[in-house]
Amino acid sequence: MANHTTINELQGMPLAELHSHVGGAVDAAVLWTLAHDQGIKLPTKNYWEFEKMVTVKRRYRSFKEIDRAKYHWTELIQSSPVAMEPAVHQTIGGAYRSHHIVLHEIRFNPMKRNRNGERDLDYIINASIRGLERAMLEYPEVRAGIILMLDREFTFHQNEIIYNKALKYKHRGIIGIDIAGPQAKEFKMKNYVDLFCDAKKKGLGVTVHTGEEGQRKEMAMVVKEIIPDRIGHGIKAHQDKALMRLLVEQGTVLEICPTSNLKVGVFKTVAELKKAYRTLFAAGVKLTINTDGPEMYETNLAKELEFLANNNVFTVDEIKKCTDNAFAATFIKERSS
Ligand SMILES: [Zn+2]
């Protein structure tokens, strides 16, 4: 059918990925070599068992489960400057070669890569920036940037340190901040309103992981009080007309990640996913399509587009609109030369 060829055409066009965690974006074979280069003791000596350890093969009950089971290993292996430079370099280069991703925002939490304070954060961040710059030198068509992540399980003080690093490296490839991680008891998003507003004022892009696993109230507060440029996921808004209206009025863009939503268990079926995505789209909310970490979820951006088209979640024209939204909503400033 015509649909098929058109989605192929779209897959061949330059694409933009806005929501990809470095902890989920590095090829298992690269991670394996990096672990061996550093002499990290892994629970297996068999590569294929390791590959299973760092990918999500089945549906999980929550993100927390994936965080503990999978991210633990990828973050441990990436916890050194020696690992971060090739991790970032190969992720951006690989995505360009395989799927023509010419605009690529990646994100990570540097404090989850410093072995509890053993490593210096500046070295971790500098190594990632070097990886970014090398990838852009090799592939001049690519524009890439890094979002530093704060975490719900960290203290405010720890998160403030990460925020200050984002400001420090703002002119060197750090393009924004985000907060993620499983819901923690003591955590209150309200305490971060000032920090995120300050980040916006100082020229950093602002996105927040919320409205993914049933924190609609938190999402509504974030949208109202922070007025972020983008929201990571935010799909719970489909149950709230007033919130959708606010997203449209403010032009807040959602970063949706279909395969991740299914594997994390946010949606139990494709039909549920379709209903939510279509409701958001019909309300006029700006959507972008992302992987959340292609290697971990065994996907890639081209596959995500195809999944949406094949399951009639969106028409190819609608998917094209989402890819246009991604180019428009990037935190990466135009290069002057
Ligand atoms: Zn995410």
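**Sheet and helix packing in the predicted model**

Strand β5 (residues 205-210) and strand β6 (residues 230-233) run parallel and are joined by 4 bridges. Strands are DSSP runs of E with at least two residues, helices are runs of H or I with at least four, and both are numbered from the N terminus. Two strands pair if DSSP finds at least two bridges between them. T207 stands opposite R230 in β6.

The model is predicted: local features need pLDDT of at least 70, side-chain atom pairs count only at pLDDT 80 or more, and totals for chains, interfaces and linings use all residues. Residues are numbered from 1 along each chain as its sequence is written.

An open sheet is formed by 8 strands in the order β1-β2-β3-β4-β5-β6-β7-β8, with parallel pairing. β1 (15-17) and β8 (286-289) stand at the edges, each with a single partner strand, so one side of each is left without a neighbour in the sheet. From one strand to the next, the twist averages 25°. Helix α6 (residues 81-99) packs on the sheet and touches β1, β2 (101-108) and β3 (143-151). The direction of α6 makes about 150° with that of β2. Angles run from 0 to 180 degrees between N-to-C directions, and axes are lines fitted to C-alpha atoms, for helices over the stretch in contact.

The axes of helix α10 (residues 216-225) and helix α11 (residues 241-250) come within 10 Å and cross at roughly 30°. That makes α10 roughly parallel to α11 (angles under 35 degrees count as roughly parallel). M219, A220, V223 and K224 of α10 make the contact with L243, L246 and L247 of α11. Contact requires C-beta atoms, placed from the backbone, to lie within 7 Å.

Note on methods. Parallel < 35°, antiparallel > 145°, perpendicular 65-115°, else oblique. Contact = placed C-beta atoms within 7 Å.
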